[in-house]
Amino acid sequence: MTNMSILDNRPALKAEIDKVAEVAGYLWQKGWAERNGGNITINITEWVDDAMRALPAIGPAVPIGTKLPELEGCWFYCKGTGRRMRDLARDPMANGSIIRIVDDCMRYEIVADLPVAPTSELPSHLSVHNYLLAKGSPYRASLHTHPIELVALTHSRKWMEKDVATRMLWSMIPETKAFCPRGLGMVPYMLPSSVDLAEATIRAIDEDYDVVMWEKHGVFAVDTDVMSAFDQVDVLNKSAQIYIAARNMGFEPEGMSDGQMQELSDAFHLPK
C-alpha cells in the first residue's frame, strides 16, 4: 500500500491532511515559516480505521521521553523534522509523518511508506495533546509558527506582562476579540524544544488561552483543526500589524475604548 492510497481510500483523513498542506502554504506565503521553521501536529485518531491500525510500523518504536497516558491508541500526523512548510504544502505525505503511540504510551511508531521522522518538537506537541485529552477538550490540532509582528512585540518587556498585549490587540479592530476571545498568553523565553517550554505552554493553555506567545520565538496555537488554529494567529497578527502601522505613521493608536469592547462582548456573548 502506497502513501497516496492510504489517503485516497480515506477521504476524511485526506481532507484533514489537505488542511495541513493548505495552512503550511499560508505560513510560507506570510513569511512566518523561514527555512524549516514551525511545526504542525494533528490528532487523526478518529479517522483511522481497522485496516489502517493493522499496518506494520516501518521501524522500531522511538522513545518520546515521557509517559503520556491519555495518548493510548492515538494516531497523529506531524510535520517532518527538518522539512520546509513550502514543501509540506506541495506534498504533505513526503514531508510529514503518520505515527501511532504504542501501548506503553512512552514510544511511537512511524506508519507510512516514506521514512520521514516527525518534528524534533514532537514531545512538546504530544504533551500538549495529552493535556487536551485529559481535559476533555475538543481541540485536535497544534500549530507553532513565527508571525513577524507578534514576535516583534515580545522584544519589549511592556508587552510580555500578563494581558497587556491582549488588551491592545483586542482594541485595534473589533474582529480580534470576536474571533480570539481568549486573547494571547505569554511565556518568557525558554530554550526551544525544551521540557520547560512545553510545561510553561501547558500552564498558559490551562489558564484558558488558545494562543500562547513564546518570547522572541513564535506562537503556539491549539484549536479544533489546524485551519482554526491558523485563523486565530492570523487575526491576532493583523492587530499587531495595525498597531505597528500606526506607530510607523507617527502616533500611538487610540484603540477601542473599554466601553466599546464591553459593548462588543455583550453583543456577541464573549467572555468578559
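Helix 8 (164-172) and helix 9 (174-179) are among the elements that cover the buried residues of helix 12, where covering rests on contact, meaning heavy atoms within 4.5 Å, and buried means under 20% relative accessible area with a 1.4 Å probe, protein chains only. This is a predicted model, in which local features need pLDDT of at least 70, side-chain atom pairs count only at pLDDT 80 or more, and totals for chains, interfaces and linings use all residues. Residues are numbered from 1 along each chain as its sequence is written, and side-chain values use heavy atoms, with hydrogens and water left out.

**Helix 12**
- Met261, Leu264 and Ser265 are the buried residues of helix 12 (residues 258-268).
- Seen down the axis of helix 12, these buried residues fall within an arc of 100°, so they line one face of the helix; the arc is that of the directions from the helix axis to the C-beta atoms.
- Glu263 and Ala267 are exposed (over 50% relative accessible area) and lie on the face of helix 12 turned away from its buried side.
- His269, which follows helix 12, has a positive phi near 55°.

**Whole chain**
- The chain has twelve helices and nine strands, taken as DSSP runs numbered from the N terminus (helices H or I, at least four residues; strands E, at least two).
- Of its 272 residues, 53% count as buried.
- Among contacts between residues at least 6 apart in sequence, 72% join residues at least 24 apart.
- The C-alpha atoms fill a box of roughly 60 × 35 × 35 Å along the principal axes.
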